[in-house]
2 protein chains.
Amino acid sequence: MFGARCLLRALRSCSSAPCPGHKPSAKLSVRDALGAQNASGERVKVQGWIRSVRSQKEVLFLHVNDGSSLESLQVVADSSFDSRELAFGSSVEVQGQLVKSLSKRQNVELKAEKIEVVGNCDAKDSGFVHIHTPVITSNDCEGAGELFQVTPSSKIKVPEENFFNVPVFLTVSGQLHLEVMSGAFTQVFTFGPTFRAENSQSRRHLAEFYMVEAEISFLESLQDLMQVMEGLFKTTTMTVLSNCPEDVELCHKFIAPGQKDRLEHMLKNNFLIISYTEAVEILKQASQNFTFTPEWGADLHTEHEKYLVKHCGDTPVFVINYPLALKPFYMRDNEDSPQHTVAAVDLLVPGVGELVGGSLREERYHFLEQRLARSGLTEAYQWYLDLRQFGSVPHGGFGMGFERYLQCILGIDNIKDVIPFPRFTHSCLL
Amino acid sequence: MFGARCLLRALRSCSSAPCPGHKPSAKLSVRDALGAQNASGERVKVQGWIRSVRSQKEVLFLHVNDGSSLESLQVVADSSFDSRELAFGSSVEVQGQLVKSLSKRQNVELKAEKIEVVGNCDAKDSGFVHIHTPVITSNDCEGAGELFQVTPSSKIKVPEENFFNVPVFLTVSGQLHLEVMSGAFTQVFTFGPTFRAENSQSRRHLAEFYMVEAEISFLESLQDLMQVMEGLFKTTTMTVLSNCPEDVELCHKFIAPGQKDRLEHMLKNNFLIISYTEAVEILKQASQNFTFTPEWGADLHTEHEKYLVKHCGDTPVFVINYPLALKPFYMRDNEDSPQHTVAAVDLLVPGVGELVGGSLREERYHFLEQRLARSGLTEAYQWYLDLRQFGSVPHGGFGMGFERYLQCILGIDNIKDVIPFPRFTHSCLL
């Protein structure tokens, strides 16, 4: 979906040769336009995405941003320009005169003479169906063992072990349930509480936290998956910045000075991509002494993740293709002996480390059957294996920790400060 | 909030005397307008709420509904009428000519000559802040005992009873947490999973279900609370009908014939209000034999609820002022000896019975202190009592079962059919 839109955008820009006989307008970034001193009617062209629309009887106000600045450029247009296509998220090319603004809110504004919608953004078309995945589950998705068990309290008349007939736990991920639903709705997501009984006192772990999880059918490459992940991060962040600038400003000002610039940097640049193997090489060559010695086949720890992000210029970085032995049974085998990796991807971000984890899923029946057998999980996951027997499709998905996301964009050091009722080891207040 | 809008609407309609010298347009309901045979330009007036807006270069399409029909009337207007005030949910009075429609989708449409916005509807103004209330809690809000207990699974290294230091449970309601937050944000809501370890095989109970819960500060009467409840039901239903008519149609056609009319009936009429005492009188005089004999002081059972709804003409009915002895400690004492009731309200709806439960909360320190003491809960709820010591305000709230709501509007008999992964006694699949 994102892919198609990008392709279309690229094709369009290829075919837009300048008209002969007209002096082309100077193309400016939003940052440069905002910084223009003594604007007095120069003809310029600005490209970006609409962040807000205000339509009045005679005049239309747009705020356009291209990621070069956290502030948007105000575009003022005659109401005849008004159309439903000029909606939040649409990409536009605006030509007009850069003039001094009469309002105190900004120095300059762009008086539009021509507005071209490059790519429509009808929010209803995103096509992800919201699924309520259950909190109580008989699965152990990650096989991690860091589970909370659920039993009726002793006052209940049903014998404990018989309430659900099987042992049940608090969900650690809605992924497997989403995979079921993506077989009917193609693109699905869930947003809800997830649980880990981790005995951790860290600044980025909670026993109860929220995750946005997505699952996409007919998706065949990590590249496509990463595009959705990057798109989600950037679009959500732009929306937050656009809808509640005062709240963000408050955090940036009093808690995390400098975070505004870091965030601009993240939004402006493409996220980087390195392989797990490259990551280990980088860590091995690091002058820093790590508590855990980096080694191919071993998990990356927080200290490693933070080093990698710094090494990459304090910009978000995707790490892809992890050792098969490190990852759960459902991740797709890359068949790249002798190293033997799976098509997994983690997104590491400044300040937080791992923010999003995802993978292509093993959609091939016999591969999955063997992986389950080797892990002794065949019986427990027969229903999951069955999904590969009837209309199986290549697919993939990811989960993003919501509180870590808030930490990342707001610059909040401790995860307990971005949730109203934090639950962690030795604490469950109220 | 709803109250103010209604009042404003009433005042405005009082002052709108017909202009002298003009033949007034005939006022039609949407149902009558849609049913007009051979429309040929008659001047009419229609009042209702905007259910959709489509704005094109030269023309503006509105769909207006007044609850008299599930179908909306298409209003066609010159684009000069376009304004941001003509948004989803705004109430309008449209005058114009009723003409044959060129489209096959409808027979007639209203060619607008005058559109007056009676009441604006800016969705951002609703002012309810969304709070993530926790799933794991050390409270037992209802004191009901139908709780699931949460413990780390045996593989965890922390001794079980020490993970949170206190026994913890799955939430049965976010109310108490919302009350904390309403002390800062005035109007708050939560939407998430809640849990009851009820050993029930009924068609309206789940062990894991979703609730919309709201809490409103500075609210002093059940009347105001019921207005919000009725507004929520009607607005949400109109939104569902407007955004996914095909899905609703499918259920109504194949699963619940006749439901369309029942729903129209619910949307069109004001919900009724009876007291618990009146309800018991009605039940006592019923010719029907109940399994549980109705009696003042005893709880209403499903059979009673369904009878009451039928008795009231198959329309939603609020039952208010329940015996104090039946309800939890936090409900506001009506001080109406000798009966002694609390300001509680349940909304009963056709097909389902109890859909929403709410109350004014006891905001008076000494009243609450005594209630807690009598229940032996003083120590456990000291933090809650403290909320009444510092800046206490009259407030109230309610919770609506989301799956029961879906049952009610779609006409689905079994609650297990409106959730993708139902959890109930003896069943926790996947």
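## Terms and basis of the model

Axes are lines fitted to C-alpha atoms, for helices over the stretch in contact, and the angles between N-to-C directions run from 0 to 180 degrees. Helices (H or I, at least four residues) and strands (E, at least two) are DSSP runs, numbered from the N terminus.

This is a predicted model, in which local features need pLDDT of at least 70 and side-chain atom pairs count only at pLDDT 80 or more, while totals for chains, interfaces and linings use all residues. Residues are numbered from 1 along each chain as its sequence is written, chains are lettered from A and ligands numbered from 1 in the order in which they are written, and side-chain values use heavy atoms, with hydrogens and water left out.

In chain A, helix 7 (residues 276-284) and helix 8 (residues 302-311) cross at roughly 90 degrees, and their axes come within 10 Å. Angles under 35 degrees count as roughly parallel, over 145 as roughly antiparallel, 65 to 115 as roughly perpendicular and the rest as oblique; helix 7 and helix 8 of chain A are therefore roughly perpendicular to each other. Contact here means heavy atoms within 4.5 Å, and on the side of helix 7 of chain A it involves A:Ala279, A:Ile282 and A:Leu283, which meet A:His304, A:Tyr307, A:Leu308 and A:His311 of helix 8 of chain A. By class, this contact has five nonpolar, two polar and no charged residues, where Ala, Val, Leu, Ile, Met, Phe, Trp, Tyr, Cys and Pro count as nonpolar, Asp, Glu, Lys and Arg as charged, and the others, Gly among them, as polar.

In chain B, helix 7 (residues 276-284) packs on helix 8 (residues 302-311) at an angle of about 90 degrees, with their axes 10 Å apart. The contact joins B:Ala279, B:Ile282 and B:Leu283 of helix 7 of chain B to B:His304, B:Tyr307, B:Leu308 and B:His311 of helix 8 of chain B.

## Helices 4 and 6 of chain B

Helix 4 (residues 222-243) and helix 6 (residues 259-268) of chain B pack at an angle of about 135 degrees, with their axes 10 Å apart, and they are therefore oblique to each other. From helix 4 of chain B, the residues B:Phe233, B:Lys234, B:Thr237, B:Met238 and B:Leu241 meet B:Leu263, B:Met266 and B:Leu267 in helix 6 of chain B. The residues of this contact divide into six nonpolar, one polar and one charged.

## Details in the loops

A cis peptide bond, with omega about 10 degrees, joins A:Ser337 and A:Pro338, and A:Pro338 lies in the loop between strand 14 (317-323) and strand 15 (341-349) of chain A. In chain B, a cis peptide bond joins B:Ser337 and B:Pro338, again with omega about 10 degrees, and B:Pro338 is placed in the loop between strand 14 (317-323) and strand 15 (341-349) of chain B.

A:Phe218, in the loop between strand 12 (208-217) and helix 4 (222-243) of chain A, has a phi near 60 degrees, which is a positive value in a residue other than glycine.

When copies are superposed by least squares on the C-alpha atoms of residues with pLDDT of at least 70 in both, chain A can be laid on chain B with an RMSD of 0.2 Å by a turn of 180 degrees and a shift of 0.0 Å along the axis. That is the relation of a two-fold axis, and in chain A the C-alpha nearest the axis belongs to A:Val150, 2.5 Å from it.

At the interface, 58 residues of chain A are in contact with 58 residues of chain B. Because 100% of the interface residues of chain A are also interface residues in chain B, the copies meet through the same surface. Buried area is the accessible area (1.4 Å probe) that two parts lose on being put together, summed over both, and chain A and chain B bury about 4,800 Å² between them, 65% of it on carbon and sulfur atoms. A:Arg84, A:His132 and A:Leu430 supply 15% of the area that chain A buries against chain B, more than any other three residues.
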